[in-house]
Amino acid sequence: MSSSNKTDLGNKPIVVIIGLIASIIGIIAFFSGKQSIQEFFSGPESPSNHVSVTVVVSQPTNIPIEDSQDILDPQFDPDNPEGFLRWYFHQIWATRSYDYLWEYLSLDFRQRLDMSYSSFEDNWNAIGSINEPIDITYEGKDGISQKYRVKYTTLSKKSGYTDNRNDLYYLYFNANKGHWEFK
């Protein structure tokens with residue numbers, strides 16, 4: 001799976017920790033009635049004027065994060081997948097976080113379409129954008145699944161042609177994962 005959208009934080013956690021400590025010291029100085037941090041740390045040699053601060057700096061951990069568009073686990077209405085569908089079709093082209101969005105495709109969906117991760121990624125990489133808003137129509141229930149017709153227009157990255165899609169999707173709310181999935 002692709003992780004091209006991931007960034008190595010390097011030494012940034014150390015800078016963040018030091019910034020937080022400086023902020024905390026500034027807040028303590030403010031509430032103690034001092035005009036500045038220097039005044040807070042200076043003064044007569046009495047135990048009440050000194051603050052002991054211990055800074056522990058550890059080796060930074062390389063934590064992958066999304067570049068410019070963090071994806072948070074969205075909250076979805078378990079009774080109505082319309083918000084999920086709007087979110088998913090926006091995310092698929094706006095963030096292109098395919099490895100994250102792949103998890104919203106059930107195994108049944110992947111097998112029914114004979115879809116591998118690479119074919120999923122290739123398909124969406126060919127699309128430049130999806131015109132929003134998309135049109136969503138509820139078409140009924142089928143067992144545990146709900147049927148929705150989704151109409152949207154895509155714009156090809158390479159040729160610039162548009163494709164007016166009119167797809168029927170079966171969705172179900174996966175209570176174990178707490179989100180909707182394509183079935």
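A residue counts as buried when its relative accessible area is under 20%. In this predicted model, Y98 and F120 are both buried. The structure as a whole contains 25 aromatic pairs, and Y98 and F120 form one that is edge-to-face, because their ring planes stand at 85 degrees, with the centres 6.0 Å apart. Since Y98 belongs to helix α4 (residues 98-101) and F120 to helix α6, this pair ties together parts that are 22 residues apart in sequence.

Another edge-to-face aromatic pair joins Y100 and Y104, with 5.7 Å from centre to centre and 70 degrees between the planes. The partners fall on either side of the 20% cut-off: Y100, at a relative accessible area of 21%, is partly exposed, whereas Y104, at 4%, is buried. Both tyrosines belong to one aromatic cluster, whose members also include F76, W87, F109, W124, Y152 and Y169. Elsewhere, a charge meets a ring: K183 lies over the face of Y172, at 5.1 Å from the ring centre.

The largest pocket has a volume of about 480 Å³. Its lining comprises 24 residues, of which N123, W124, Y152, R165 and Y169 are the closest to the centre. At least two lining residues come from each of α3 (82-94), α5 (107-112), α6 (117-125), β4 (145-156) and β5 (162-174), and β5 gives the most, with 6 residues.

Key:
Residues are numbered from 1 along each chain as its sequence is written. This is a predicted model: local features need pLDDT of at least 70, side-chain atom pairs count only at pLDDT 80 or more; totals for chains, interfaces and linings use all residues. Side-chain values use heavy atoms; hydrogens and water are left out. On a 1 Å grid over the protein atoms alone, a cavity is a set of points where a 1.4 Å probe fits but cannot get out, and a pocket is an open set with protein on both sides within 12 Å along at least five of seven lines; lining residues have an atom within 4 Å of a point. Grid points are joined across faces, edges and corners, and a volume is the space filled by probe spheres set on the points. Helices (H or I, at least four residues) and strands (E, at least two) are DSSP runs, numbered from the N terminus. Rings of Phe, Tyr and Trp (its six-membered ring) pair if their centres lie within 6.5 Å; planes under 30 degrees apart count as stacked, over 60 as edge-to-face and the rest as tilted. Buried means under 20% relative accessible area, exposed over 50%, partly exposed in between (1.4 Å probe, protein chains only). A charge sits over a ring if NZ of Lys or CZ of Arg is within 6 Å of the ring centre and within 35 degrees of the ring normal.
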